[in-house]
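Here are my notes on the charged side-chain pairs, as numbered points. Please read them with the structure open.

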Amino acid sequence: MAAKINSEDVSKAWIIITEVLSPNSANRKHNETEFQNAVDVLTQNGLSYMIEEWFVECLQQHLRRNVAKTFWKFFDVEECDILPKQLGIAVNYLHEITMGYMPCLDRLNTMSVILENRKRSTIFNTNNLSEAYILLIKSIIFFVLPAKFCTAVEMFYSQAFKVFHHSTSEDEEQDEEEECKGCDKEQEECVCKDILDNFHTINRQLDDIGILERVSSMAVTSIVHERIKNHIENTCKGNFETSYLKSLEEWLDRKVLGWLRLVFSENCRNTYPECIEGFKGRLLHFMFETFAKTHIDQLFNIIIEFPESEPAILDLKICLEKTDLRGTLVSSLKTALETRLLHPGVNTSDILTAYIAAIRALRILDPVGVILELVCDPVRKYLRSRDDTVRQIVSNLTDDGSNELLDELQKGHPLLDDGCSSDDELDDWESWMPDPVDADPRSTSKSRRASDIISMLVNIYGSKELFVQEYRTLLADRILTQFNYEIVKEIRYLELLKLRFGESQLHYCEVMLKDVADSKRLNSRIMDERRKSAEREEIEVNAMVLSAQFWPAFREEKIKLPDVMQKLLEEYTKKFETLKGNRTLNWKPHLGLVNIDVELKDRTLNFNVSPVHAAIIIQFQSQETWSVEELSNVLQMPATALRRKIAYWQTQGILREEATDKFVLVEEHKGRSHDIILADDDEAESAMASSQAQREEELQVFWSYIVGMLTNLESLTIDRIHSMLRMFAMQGPSAVECSIPELKRFLDLKVRDQKLIFSGGVYRLPKPDLL
């Protein structure tokens, strides 16, 4: 049976409670005993729960109808410059309101009967009325933040951060400047101290209210983010030889977090250690992310400047481990390489230099090799499309001086059949890590890690044979253009290459160097015999005797040497036959080097030229004027080639074209003196046939097979011809390989020369009467 409520006692008690719990309760006449008795009356009548509900409802109404309107009215101003000042006035007003309610909140929070009711209460799901009040402030006043308020907060904290940064700056010259960098006023009118005092006051008031983080976090985050961006941009951009991450972390802790501690901790009633730690973690991540993005944008330049830029690579590596920017890096670097390297305006040597630098730099950035594999795939494909890529690689491998490829070659790691360096060491299974998710599943982790620079360059084409063949051509060209018997350096390079590519691959090159050494001994022997017999010759002949089957195809050029030169060659041949018995020489008169003195009326000039150039100028010894046609008939060489050779003597001032295709010897140059002149680099033509000519010569071995096929089977498609060639003509270690596109080009040349007929998709031989 319910107890009867005494309405009169309840009414009196309620009046006392509402008077005591109003914001101005301090001025009321009721004491603590009267208030407690009133609470006991409501408790005895089962109405104590009404106290908290009434107080919360009144609080909501007061905040919504009075406080919110008054607070936002402070920001209803036109001048943006006074918004920070209005923020201080508005926060001070809200702080006074809060302090007025604080005694009531404290009283209710300590009342045992209220605490007992709150165990069954669900108002705002808060632990006490102080938390409920903060929640009401946030939901009623700060539910939506007007643009002017956000501007005021950002201006206020920006100004405070600027003053703080200036006050903690270690720049000794700041006191000597006329204008303060903190408040932008004259030094005599500096208000930095007032700004900091106001900053501490407003932070303390916001913290007392319980809304410091709600009001300031967005502005503070924006300000420190912008500051971090500017600091990284001004400090780190463009300098790759210094590691910055450690100094950036120190700067972040000293400058940025130091200021945040002022905002959220040091000058506030409550402390926010969790908030500061949360900010620190987020700002560190933002700093790593910003630093990484800055370096990713400059990664192409960082790679080009490697190894000097290794500190920047190591910093970026740390950032990638802490951020999710691998995809951004791969995409950005891929685009940079394609834009700045992979176009006809860049030399192959420059592309290779950048590619090698990328291999070395990205190996440090990502030891697993996944980034290198993803980024450099377009570079490999583009290099494969350039005709001179292999020659440039081989040239770098054997160039004088130090370079990355030569250093790699000197390490002496052999290449396996798959193009990777051998690695007999067992993997450290305890530290094994799976490949990243962006790794290509078609390639193994071991192959990525094991491949060195030379291996990766070989893998552009996937064949060691191509590189060995190019080295053979380059070696032959170097020997025959320099005409030097000193091969110690070449032997050293050959031994290094044998460690890489194997002895069997380089057997031909070994024979070529042996030919040079044998030629040196042969020349010495012939010269010794000449001295013993007291023979004297106007021109001393030294021959390079080559084993034709081991050398690449030579560049062919028709020339009939002057009788004096031809006679010397014939005499040398007789001496060779005397020494070698049943062997003779087949001269290549257009190859070699002639040291010649040209004696003119006013000067004597010395030249090192090819036999063709020497043959041309010797003809002017018998007569001073020659036409191209006459000289062409005498030397038995095409007029077009002759004109090109004569141009060299024109550039030297020895010959002059006095009429079309008519040249005269220039005996005198008044007012000009001449020293020894050497041949121009442009005239240093290769002694070897072009790659295309050599390839066509190699494909000629298939012609007899093709003729035999078509003779027996009358007509065949290109696929059928190719499959039969693979079966019968492309077997064995030294067999010539040929792809279908190459075979088609070869057959089309035969069609053009009327040696084949192509019709209806098949090839056939022409009828005998058409041959």
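1. Glu510 and Lys498 form a salt bridge, with their closest N and O atoms 3.2 Å apart. This pair links distant parts of the chain: Lys498 belongs to helix 22 (residues 488–501) and Glu510 to helix 23 (residues 507–532), with the two 12 residues apart. The model is a predicted one.

2. The two partners of that bridge fall into separate accessibility classes. Lys498 has 10% relative accessibility and counts as buried because the cut-off for that class is under 20%. Glu510, with a relative accessible area of 33%, is partly exposed.

3. Within helix 16 (residues 370–385), Arg380 and Asp377 sit 3 residues apart, about one turn of the helix. Their side chains meet in a salt bridge at 3.6 Å, N to O. Arg380 is buried, at 13% relative accessibility, whereas Asp377 is partly exposed, at 29%.

4. Helix 31 (residues 740–752) holds both Lys744 and Asp748, 4 residues apart, about one turn of the helix. A salt bridge joins Lys744 to Asp748, and the closest N and O atoms are 3.2 Å apart.

5. Asp377, Arg380 and Lys381 are joined by salt bridges that share partners.

6. For the overall count, the structure holds 12 salt bridges. Among them are Glu510 with Lys498, Arg380 with Asp377 and Lys744 with Asp748.

Note on methods. Residues are numbered from 1 along each chain as its sequence is written. This is a predicted model: local features need pLDDT of at least 70, side-chain atom pairs count only at pLDDT 80 or more; totals for chains, interfaces and linings use all residues. Side-chain values use heavy atoms; hydrogens and water are left out. A salt bridge is a side-chain nitrogen of Lys or Arg within 4 Å of a carboxyl oxygen of Asp or Glu. Buried means under 20% relative accessible area, exposed over 50%, partly exposed in between (1.4 Å probe, protein chains only).
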